[in-house]
Amino acid sequence: MALIKLDDLTVRYTQGRFNKKVIYALKGVDLEINSGETVSVIGESGAGKTTLARVLVALEKPTGGTYLYKDKDVWKDKGARKEVRREVQYIYQDPISALNPSKTIRESISYPVKKHLKLKGDELYGKVVELVKAVGLDPSLVDRYPNQLSGGQLQRVNIARAISVNPKVLIADEPVTMLDASYRVGIIDLLVKLKKEMDMTLVLITHDLAIAKYLNYKSEGVKGVVIYGGRVVEEGKIDDIIQNPLHPYSKFLVGSYIDINYEAAEAEDRGVQEPKEAVIPNQGCPFSVKCPYAVDKCKKGFPNYTVNRDRKVACYLYG
Ligand SMILES: Nc1ncnc2c1ncn2[C@@H]1O[C@H](COP(=O)(O)OP(=O)(O)OP(=O)(O)O)[C@@H](O)[C@H]1O
């Protein structure tokens, strides 16, 4: 039994006069996450990453499909929803806005500990110190305010808050994007260490293939999930996806990474043109407007997944 199972999950928004503009932040997402797994969700801005994170922590109610947590329907079973909100913890992209500026670090960490573990007095303080140490901070920082800490230290405080309730799953939504490069590796190292020590499941959401690669280097058997335009376009071992991307979007993503690092051939050379505006069609494959291999049927319907061992791809090139 998968710990988390999303089945044909959709999050649809409407905008504009008479709600005429329809946006699918997620569309028909099937995803299974097993207990103890490390998962990298990779996709560019607007792909639906934050929406997926919000769905996983039950902050966002899907407009279609189901979210099963330990086989229980999170939106039909209030108990399951409560379980998710405690056991699946969210680490936000922006470490500053995730904390109340008028509360000391001790107060911010104490809040979930008091609420969920019902500790007070010396026991509460002891737990706060234990958590602060677990995330590699000096306990002398606890009486400071958020504006007196660096971005890296603040993200560690957020991680301390997240682990304070002994979660089963950590959802880290672009946890290092807003940090100086010098802090990034330390935060990923910390997440990997805590995942192992606390026997958790880790889902790292990123637009940056370099971060996904680093996570893979530090962990074993990381599952990669590539999303584009609200769709899972490819899934498999991240190693396999990087070495041999199958979906044209994954190829583009991996190719772009090489461009940045080795100044290799430009995007045009592979026939991939950046449209002036990222237009995501609601019908067919969301990548069809950019894809150099797109044929008529790509614009009409989203292909079924082709599954080969632990690799899954949604593209007519493969079936
Ligand atoms: N509340 C909302 N109302 C309307 N559209 C929304 C809403 N939230 C998200 N969207 C749209 O859904 C799509 C996916 O958004 P989401 O924030 O999940 O993407 P993302 O991959 O996290 O991107 P970014 O990294 O830029 O935040 C985008 O087109 C976004 O504009």
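## Helices α5 and α6

Helix α5 (residues 151-163) packs against helix α6 (residues 181-197) at an angle of about 15 degrees, and their axes lie 10 Å apart. Axes here are lines fitted to C-alpha atoms, for helices over the stretch in contact, and angles run from 0 to 180 degrees between N-to-C directions. Helices (H or I, at least four residues) are DSSP runs, numbered from the N terminus. The two helices α5 and α6 are therefore roughly parallel to each other; angles under 35 degrees count as roughly parallel. The crossing of α5 over α6 is right-handed, a term used if the near helix is turned clockwise from the far one by less than a right angle.

On the α5 side, the contact is formed by Gly152, Gln155, Arg156, Ile159 and Ile163, and on the α6 side by Tyr183, Gly186, Ile187, Leu190, Leu191 and Leu194. Contact means heavy atoms within 4.5 Å. Seven of these residues are nonpolar, three polar and one charged. In this division, Ala, Val, Leu, Ile, Met, Phe, Trp, Tyr, Cys and Pro count as nonpolar, Asp, Glu, Lys and Arg as charged, and the others, Gly among them, as polar.

## Basis of the description

The model is predicted: local features need pLDDT of at least 70, side-chain atom pairs count only at pLDDT 80 or more, and totals for chains, interfaces and linings use all residues. Residues are numbered from 1 along each chain as its sequence is written, and side-chain values use heavy atoms, with hydrogens and water left out.

## Helices α6 and α7

Helix α6 also packs against helix α7 (residues 209-218), at an angle of about 40 degrees and with the axes 10 Å apart. Arg184, Val185, Ile188, Asp189, Val192 and Lys196 of α6 make the contact with Ile211, Tyr214, Leu215 and Lys218 of α7. This contact comprises six nonpolar, no polar and four charged residues.

## Helices α3 and α5

The axes of helix α3 (residues 105-117) and α5 come within 8 Å and cross at roughly 25 degrees. That makes α3 roughly parallel to α5. Ile105, Ser108, Ile109 and Pro112 of α3 meet Val157, Ala160 and Arg161 of α5; five of these residues are nonpolar, one is polar and one is charged.

## Ligand surroundings

Residues around the ligand include Tyr13, Gln15, Glu44, Lys49 and Thr50. A polar side-chain atom of Ser45 lies 2.5 Å from a ligand oxygen atom. A backbone N or O atom of Gly46 is 2.7 Å from an oxygen atom of the ligand, and a polar backbone atom of Ala47 is 3.0 Å from a ligand oxygen atom.

Notes:
Parallel < 35°, antiparallel > 145°, perpendicular 65-115°, else oblique. Near = heavy atom within 4 Å. Polar contact = N/O pair within 3.5 Å; in protein donor to acceptor, adjacent residues only side chain to side chain.
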